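Trainee: I should like to learn how to read a protein model. May we go through one together?

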Amino acid sequence: MNRLLLSVVALVALSASCQGHPEVEFPFGKIVNGEETTIDQHPYQVSIQTTSGSHFCGGSLINDDTVVTAAHCMQSYAASKLQVRLGSTNRNSGGELVGVRAFKYHEGYNSKLMTNDVAILKLSSPVVQTSLIRAIELAKEEPENGEKAVVSGWGTTCYFWCSSPATLLKVAVDIVRQYECASSTYKYGTSVSDTMICAYSEGKDACQGDSGGPLVSGGKLVGVVSWGSGCAKDGYPGVYASVAQLYDWIVNTTASL
């Protein structure tokens, strides 16, 4: 389930469970179980918003006018109704607000299977890169199992009834390659396809509102927040679009859009 839809599904599930003996897990403490950080530590991080200022997804700056995010973030909007906040720890103020002139999501995106969950946004004008606004390099190769990674965003801090923080949060997780994520070690099975990479640390995860945001390892963008079963649920890693697997599409679309 993508990170935009999780909150709606969570409320439906909770309502159904309360009709009997509820068996609801509450994985409190996220990005879940993350910590506050600052934009100078993640200068590639952006907030994708409606022009009314409502944050709904994260993204990563990859050059002076291009942002990578998730395809599922781009299903309900026109470019003219979007803006991007860059260079601010707070999603509601500071930094720079720039419009979006165009976007494109992967032609092979499948909303049921969540394959190819990547999109490119072109800003209405280039930004000047500074210590607070800086593009991140795309990973051409996936990191190995167990390598350390960081995911950041303004998403909710738990699965149920949590508002999104105004301050940027981060959480440290461990890389789980696709073949391992789809194995019997975890609980997704064949739902994890070869355009995905996972990350897991018990009790830690991204959550709704973090969709499209960066998973970074070794100083490179290795994943785009995509989907998961709940948030920080035992045995269920967070699932990300794999930048290495989608590298050619990202580079070609960036050049042509």
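Trainee: What does the chain average in pLDDT?

Mentor: Where pLDDT is low, the predicted coordinates should not be read in detail. In this model the chain averages a pLDDT of 86, and 83% of the residues score at least 70. Over residues 5–30, however, the pLDDT is below 50. That stretch has 47 contacts in the model beyond near neighbours in sequence.

Trainee: Which residues touch the most other members of the largest nonpolar core?

Mentor: The general idea is that nonpolar side chains tend to be buried together in soluble globular proteins. Here the largest nonpolar core has 36 residues, and Ile48, Met74, Leu86 and Ile250 touch the most other members. Among the elements that give two or more residues to this core are strand E3 (55–63), strand E4 (66–69), strand E7 (119–123) and helix H3 (247–256). Setting aside residues up to four places away in sequence, Ile250 touches Ile62, Val68, Val118, Ile120, Leu138 and Val243.

Trainee: How do E3 and E4 pair, and how many bridges join E4 to E7?

Mentor: E3 and E4 pair in the antiparallel sense over three bridges, and a hairpin of two residues joins them. Asn63 stands opposite Thr66 in E4. E4 and E7 also run antiparallel, joined by four bridges, with Val68 opposite Ile120 in E7. Val68 and Ile120 are both among the residues that Ile250 touches.

Trainee: Is Ala135 buried or partly exposed, and what does Ala135 touch?

Mentor: Ala135 is found in the loop between E7 and strand E8 (137–138). Its relative accessible area is 26%, so Ala135 is partly exposed; buried would require under 20%. Not counting residues up to four places away in sequence, Ala135 touches Leu61, Ile62, Asn63 and Gln129. Ala135 and Leu221 are 86 residues apart in sequence, and their C-alpha atoms are 10.0 Å apart in space.

Trainee: Where is Ser193 found, and is Ser193 buried or exposed?

Mentor: Ser193 is in the loop between helix H2 (178–181) and strand E11 (196–200). With a relative accessible area of 17%, Ser193 is buried. Leaving aside neighbours within four places in sequence, Ser193 is in contact with Thr115 and Gln178.

Trainee: How many aromatic pairs does a search of the whole structure find?

Mentor: A pair of aromatic rings is described by the distance of the centres and the angle of the planes. The search finds five aromatic pairs. For Tyr105 and Tyr109, the ring centres are 6.2 Å apart and the planes are at 80°.

Trainee: Why is the pair of Tyr105 and Tyr109 edge-to-face?

Mentor: The planes are at 80°, and a pair counts as edge-to-face when that angle is over 60 degrees. As for accessibility, Tyr105 counts as partly exposed at 33%, whereas Tyr109 counts as buried at 15%.

Trainee: Which residues do ring pairs link into a cluster?

Mentor: Tyr188, Trp227 and Tyr236 are linked into a cluster by ring pairs. Lys233 lies over the face of Tyr236, 5.0 Å from the ring centre.

How values were computed. Residues numbered from 1 in each chain as written. Heavy atoms only, no water. Core = buried A, V, L, I, M, F, W, Y, C linked by side-chain atoms within 4.5 Å. Buried < 20%, exposed > 50% of the residue type's maximum accessible area, 1.4 Å probe, protein only. Contact = heavy atoms within 4.5 Å. Phe/Tyr/Trp six-rings, centres within 6.5 Å; stacked < 30°, edge-to-face > 60°. Lys NZ or Arg CZ within 6 Å of the ring centre and 35° of its normal. pLDDT = per-residue confidence, 0-100. Pairing = 2+ DSSP bridges.
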